[in-house]
Amino acid sequence: MNETKGKLIVISGFSGVGKGTVIRRLMEKYDGFAFSVSGTTRYRREGETDGVEYFFMTKEEFEAGIAAGRFLEYARYSDNYYGTPADYVFGKLEQGIHIILDIEVQGALQVRDKCPEALMIFLIPPDAQTLVNRLTGRGSETEEQITMRLTQAVREADTAPEYKAIIVNDDLERTVEEIYSLVQNPEGMKKFYDANAGKISGIKQDLMEILRTREA
Ligand code: 5GP
């Protein structure tokens with residue numbers, strides 16, 4: 001990637017791991033970052049504003065965007081479409097602004113294929129119960145939706161090796177500092193991968209156990 005351009009930062013992680021909060025804090029603390037607002041067909045949660053968290057679209061609008069090649073990547077997740085607007089992302093990178101994508105795994109892999117220099121970061125919770133508590137605590141999903149997202153998390157756990165760094169989100173400020181340090185010094189990615197990759201299988205096992213109990 002040309003040094004005068006911004007860096008493309010892909011942040012993935014289980015639903016409820018706190019990606020949104022981490023990204024907001026990073027942008028509050030440091031200049032030179034922009035968030036890529038995705039298009040989605042999911043319902044608007046209370047407190048969300050069109051054009052801020054997402055561009056809320058109908059299925060027809062989204063499919064027209066796919067046909068017109070407007071998305072850098074897109075995916076179906078929990079029965080909805082989500083996609084990243086290509087023009088916005090490339091425009092910001094050209095201006096030297098670091099752009100942050102909060103996207104799930106299928107989309108992240110499409111970005112990695114198109115932009116191999118992307119900083120691929122996977123956020124994990126300190127443990128499975130913390131994730132469940134966060135998902136239930138935000139009160140925006142039904143029990144069925146929570147089960148769906150936990151099931152998805154179990155599947156996503158296996159894709160963590162596709163990322164260059166794995167970061168444990170147990171302290172907001174520390175997580176933000178770690179991500180910022182990787183933007184300054186992408187060579188540090190491997191250190192964060194090696195330190196945390198081993199934690200994923202335990203979290204996955206615990207999530208499976210929690211799902212068994214929920215389904216019983
Ligand atoms: P939520 O419905 O909780 O806001 O997001 C659900 C999942 O969709 C999250 O894992 C989030 O990272 C992902 N997501 C949000 N925007 C996009 C996007 O533009 N593309 C893809 N592939 N995933 C996205």
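1. Glutamate 104 puts a polar side-chain atom 2.6 Å from a nitrogen atom of the ligand. A polar contact here is a pair of N or O atoms within 3.5 Å. Arginine 149 brings a polar side-chain atom to 2.8 Å from an oxygen atom of the ligand. For isoleucine 103 a polar backbone atom is involved, 3.4 Å from a ligand oxygen. Alone, the ligand exposes 520 Å², and the protein buries 95% of that (Shrake-Rupley method, 1.4 Å probe).

2. On provenance: this is a predicted model, where local features need pLDDT of at least 70, side-chain atom pairs count only at pLDDT 80 or more, and totals for chains, interfaces and linings use all residues. Residues are numbered from 1 along each chain as its sequence is written, and side-chain values use heavy atoms, with hydrogens and water left out.

3. The shell around the ligand holds 17 residues (a heavy atom within 4 Å of the ligand). Ser38, Arg42, Tyr54, Tyr82 and Asp102 come nearest.

4. Twelve aromatic pairs are counted (Phe, Tyr or six-membered Trp rings, centres within 6.5 Å).

Conventions. A polar contact is a pair of N or O atoms within 3.5 Å; within protein, one must be able to donate a hydrogen and the other to accept it, and residues adjacent in sequence count only if both atoms are side-chain atoms. Rings of Phe, Tyr and Trp (its six-membered ring) pair if their centres lie within 6.5 Å; planes under 30 degrees apart count as stacked, over 60 as edge-to-face and the rest as tilted.
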